[in-house]
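This report describes selected features of a protein–DNA model.

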Protein chains: 2
Amino acid sequence: MADTPGASEPSLDEQIAAYQREFQDLDPQVEKVVSALSRLNRRMNVAYGRQTAELGISNAEWEVLKALVLAGAPYRMGPGDLAKRLGLTPAAMTHRIDRMVAEGLVTRERDESNRVRVIVGITEEGRSKWLEAMRMATVFEEDLLQDLSGEERGRLGEMLTRLLRRVEDAQPDAGGRLSDLD
Amino acid sequence: MADTPGASEPSLDEQIAAYQREFQDLDPQVEKVVSALSRLNRRMNVAYGRQTAELGISNAEWEVLKALVLAGAPYRMGPGDLAKRLGLTPAAMTHRIDRMVAEGLVTRERDESNRVRVIVGITEEGRSKWLEAMRMATVFEEDLLQDLSGEERGRLGEMLTRLLRRVEDAQPDAGGRLSDLD
DNA sequence: CCTGAAGACTTCAACAGTAAAGTTCGAAGC
DNA sequence: GCTTCGAACTTTACTGTTGAAGTCTTCAGG
């Protein structure tokens with residue numbers, strides 16, 4: 001028993017070998033793409049989580065800030081729209097906004113012209129945390145792609161968007177429960 | 001207001017334009033790769049979730065079955081090892097195993113040679129659900145990559161593993177809290 | 001006006017996860 | 001061979017999410 005130091009993650013190639021052992025008609029080339037995608041995403045989320053934690057916010061809170069900023073001026077959205085955008089239920093959005101208001105990241109006010117509506121806006125502090133998170137994220141992302149030439153980056157982006165188009169066509173319910181955003 | 005049918009997801013290009021509007025020094029090529037990766041992964045998880053739901057299990061349960069099968073004969077692991085492999089806490093593993101035992105997907109027994117240890121094994125039903133899920137997953141994955149030639153698939157896999165290597169080197173704590181597995 | 005229906009958010013109960021404390025068994029030292 | 005330490009799992013208290021029920025506002029008819 002010299003090669004089971006812990007039950008940590010096997011290497012990608014080991015794992016693909018295990019799949020082939022247990023399930024014969026598997027295309028290793030396909031599996032490699034899919035598994036690498038999945039692992040990569042996982043690692044990236046860990047990295048983002050560490051960065052946002054340094055700012056004293058969670059990834060969940062970062063997502064709300066992102067949605068508000070990307071919505072453009074005047075940087076306001078209703079809880080319902082935010083919920084759709086982030087892929088969570090209105091109930092979860094209510095609670096998340098509660099916390100973020102308490103932390104001073106966003107504001108919540110009633111829409112006076114339509115008093116059933118609520119408007120969530122970003123505070124100065126929220127905006128500056130978003131900005132700081134963006135700075136860290138772009139440094140990380142640039143580092144991540146460092147081994148790829150400009151041409152390779154282009155090809156990679158193009159291939160990924162082709163795949164994305166394919167799933168989106170097959171699964172056009174963008175408003176559904178899609179979990180976190182990019 | 002003809003172009004805001006809901007607050008659903010903007011297209012990838014719209015989103016990148018929004019990023020550039022709000023954050024000048026952003027490399028759109030990098031952002032495209034990163035955002036496409038993230039979205040693609042999200043969509044894939046939705047697809048897997050639907051498939052496992054058809055089998056009457058959750059993605060979480062599927063992951064446990066995967067880990068057991070990929071471990072190889074005799075398809076048994078301790079809760080602690082499973083927890084490390086899936087990236088969750090031992091406490092969460094205890095609960096998850098509780099549920100899966102109740103549903104007849106796995107077994108839990110004490111290790112008689114070391115009575116502090118517990119051994120989780122897969123049942124016939126668990127194995128057959130895993131197999132069925134694998135069949136559905138490979139059909140989906142093959143379809144996903146359909147627009148890519150064999151050569152493109154190879155290049156894509158190679159580039160992704162290169163990125164993966166880079167994050168793993170920078171973030172070598174594979175045993176940490178990494179969330180779900182592939 | 002007043003009523004009824006629909007929309008937007010919130011509240012409530014149940015569930016899955018984490019962190020930390022607790023339990024039980026095995027092993028090493030005195 | 002008792003005691004103490006450490007390892008492996010479970011329990012407990014708390015957090016965040018979901019689905020369903022509840023509240024409040026608006027609007028369209030009668």
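## Surroundings of B:L145

Leaving aside residues up to four places away in sequence, B:L145 is in contact with A:V30, A:V33, A:L163 and B:R153. The position of B:L145 in chain B is the loop between α6 (124–144) and α7 (150–170). The model is a predicted one.

The relative accessible area of B:L145 is 0%, so the residue is classed as buried, the limit for that class being under 20%.

## Protein surface near DNA strand D

DNA strand D is surrounded by 20 residues, and the closest are A:R96, A:R99, A:R115, B:G80 and B:T94. Of the atoms of DNA strand D that come within 4 Å of the protein, 82% are accounted for by sugar and phosphate. By class, the surface near DNA strand D comprises nine nonpolar, six polar and five charged residues.

The largest share, five residues, comes from α5(A).

## Protein surface near DNA strand C

Around DNA strand C there are 19 residues, the closest being A:T94, B:T89, B:R96, B:R99 and B:R115. Sugar or phosphate makes up 78% of the atoms of DNA strand C within 4 Å of the protein, and the rest belong to bases. The surface near DNA strand C divides into nine nonpolar, five polar and five charged residues.

Both chains place side-chain atoms by the phosphates of DNA strand C. An N or O atom in the side chain of A:T94 is 2.9 Å from a phosphate oxygen of DNA strand C, and for A:R108 the corresponding distance from a side-chain N or O atom to a phosphate oxygen is 3.1 Å. In chain B, a polar side-chain atom of B:R99 lies 3.1 Å from a phosphate oxygen of DNA strand C. At least two residues of the surface near DNA strand C are supplied by each of α4 (79–86) and α5 of chain A and α5 of chain B.

How values were computed. Residues are numbered from 1 along each chain as its sequence is written. Chains are lettered from A and ligands numbered from 1 in the order in which they are written. This is a predicted model: local features need pLDDT of at least 70, side-chain atom pairs count only at pLDDT 80 or more; totals for chains, interfaces and linings use all residues. Side-chain values use heavy atoms; hydrogens and water are left out. A residue is near a molecule or strand if one of its heavy atoms lies within 4 Å of it. Helices (H or I, at least four residues) and strands (E, at least two) are DSSP runs, numbered from the N terminus. Ala, Val, Leu, Ile, Met, Phe, Trp, Tyr, Cys and Pro count as nonpolar, Asp, Glu, Lys and Arg as charged, and the others, Gly among them, as polar. A polar contact is a pair of N or O atoms within 3.5 Å; within protein, one must be able to donate a hydrogen and the other to accept it, and residues adjacent in sequence count only if both atoms are side-chain atoms. Buried means under 20% relative accessible area, exposed over 50%, partly exposed in between (1.4 Å probe, protein chains only). Contact means heavy atoms within 4.5 Å.
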